Amino acid sequence: MVNDFVSKEDLPFFTSGSRFSLASVFLKEGMQDMHATFDLLIRELPQSRNFFIFGGLEHVAHYLRNLKFNDEQLKWLEAQFKFSPEEMKYFENFRFSGDMWAMPEGSLFFPNEPIIRISAPIIEAQIIEMFLINAVYLQTALASKLARFVIAANGKQVGIGFNRSYGTDAAMKSARINEIFGNPNSLVLYHFKHGSQAFGSGTFHYLIMSFDNEVDAFKAYLKHMGGKGYVLVDTYDSIRGIKNFIKAAKEVEKEGVKATGIQLDSGDLYELSVTARKMLDEAGLSYVKIFAMSNLDEWKVAALESKNAPIDVYAGVTELLTPSDAPTLELVYKLSEIKKGASIFPKMKTSTQKVSLPGRKQVFRESKNGKYVCDVIGIEKEQRSGEKMLAPIIQNGEVVYKFPSIEEIRKYFYAEKEKFSPAVFDINAKYDYPVSVSDELQKLVKQTREEIERTHHYDTDF
């Protein structure tokens, strides 16, 4: 029996066994009350990208707010890890009791900027690492890719499929991200879960091939669907398909049915769209829209738009949900501070090419004449100009943030987009938005390095 689907009740176990082993070490050392601060960030931009879009915040907050082990999970933990009664008592009472600060979902961000900051007892902070990375990784990768596709479409309607995503969870998350950008999606499960209106986008080859000829298939679809949806015209031959569509559309038009549009899914989309527009207009079907697919990505859409292709709707699936240009993100969760009682100890990695920044940090986004000009990563409490990007989401285990609706996230994204230079969104040109480290944080880096040298680097004689 297949038994690998993940439910909400399973999420406390969405971690690695080593996290429970480390929890045992901390408990046995009496370190369970020691607080740790971790930063979630992406180290570098893929070569083809100029920005990231933050996604997944609400999923993370829901996970943290509801994090606890049920009786079945507790029994399994005890048997699997041989925890003592004292250790089991800890896990029986386990909850997330710490703080989370984060950027708003839909924010643009850049390498090395903390997008989530966690401060919590160290066992809690380290057990949640895997879920945080997984939830933010997927949705940020999707949002960053879909944003580019939407931008390339120049304000035209965009549709995103879901069938070629990496699994059912990825499909559901992609539908949500797609909604953030204002694009319809056809995943019925998503609409069922969210109480929104499901719809069908058009015909498929097998419907066409089920009839004796294209005209009958087109007429049947248009008649029974009241003209809604887009009719696929390339089952046999695109030009002939357009002619057959025109014949069917003109016949149902006499019955008061107006066809929505046609789908182009193969061949030279520019030439086909120009030809189709001319044929449709000459037939008196200027109201019929043209919907283009065929493994589109942002570069193909940008190229079509640069030639003023008469395409009304762009749709993508494979390249958007499994982006080959940037299939990985170096998303990491790094310790930046330890607090023991009233004493605070900044922490950082100093290993080659993987240096991290110490202390509790804030991202300051500075503006000039209403436009963002740079970001500065600084110490949380330093006084600087600029908008503070990290806001409190959870404090002492309780949510203190009002999560925006999908529509509000959408408005936020598009409003923020207008504040950046257009160069940030250039699909074909690399642009490095300025991000620097404040003087105060650089001082803390120097002090922390010196402390590491003093306490950890010593000669050994074996």
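I began with N369, which I found in the loop between β13 (361-368) and β14 (371-379), where helices (H or I, at least four residues) and strands (E, at least two) are DSSP runs numbered from the N terminus. The model is a predicted one, in which local features need pLDDT of at least 70 and side-chain atom pairs count only at pLDDT 80 or more, while totals for chains, interfaces and linings use all residues. Residues are numbered from 1 along each chain as its sequence is written, and side-chain values use heavy atoms, with hydrogens and water left out.

I looked up the backbone of N369 and noted a phi near 55°, a positive value in a residue other than glycine. N369 counts as exposed, at 74% relative accessibility; here buried means under 20% relative accessible area, exposed over 50% and partly exposed in between (1.4 Å probe, protein chains only).

I then turned to K82, which lies in the loop between α3 and α4. Its phi is near 55°, again a positive value in a residue other than glycine, and K82 is exposed, with a relative accessible area of 68%.

Next I examined the helices on either side of that loop. Helix α3 (residues 71-81) and helix α4 (residues 85-92) pack at an angle of about 150°, with their axes 11 Å apart; axes are lines fitted to C-alpha atoms, for helices over the stretch in contact, and angles run from 0 to 180 degrees between N-to-C directions. The two helices are therefore roughly antiparallel to each other, a label for angles over 145 degrees, with under 35 roughly parallel, 65 to 115 roughly perpendicular and the rest oblique.

For the residues between them, I recorded that L74, L77 and E78 in α3 meet M88, F91 and E92 in α4. By class, this contact has four nonpolar, no polar and two charged residues, where Ala, Val, Leu, Ile, Met, Phe, Trp, Tyr, Cys and Pro count as nonpolar, Asp, Glu, Lys and Arg as charged, and the others, Gly among them, as polar.

I also asked which residues of α4 are buried. They are E87, M88, Y90 and F91, and seen down the axis of α4 they fall within an arc of 150°, so they line one face of the helix; the arc is that of the directions from the helix axis to the C-beta atoms. On the other side of α4, P85 and E86 are exposed.

Finally, for the whole protein chain, I noted 16 helices and 18 strands, with buried residues making up 49% of the 462 residues.

Key:
Contact means heavy atoms within 4.5 Å.
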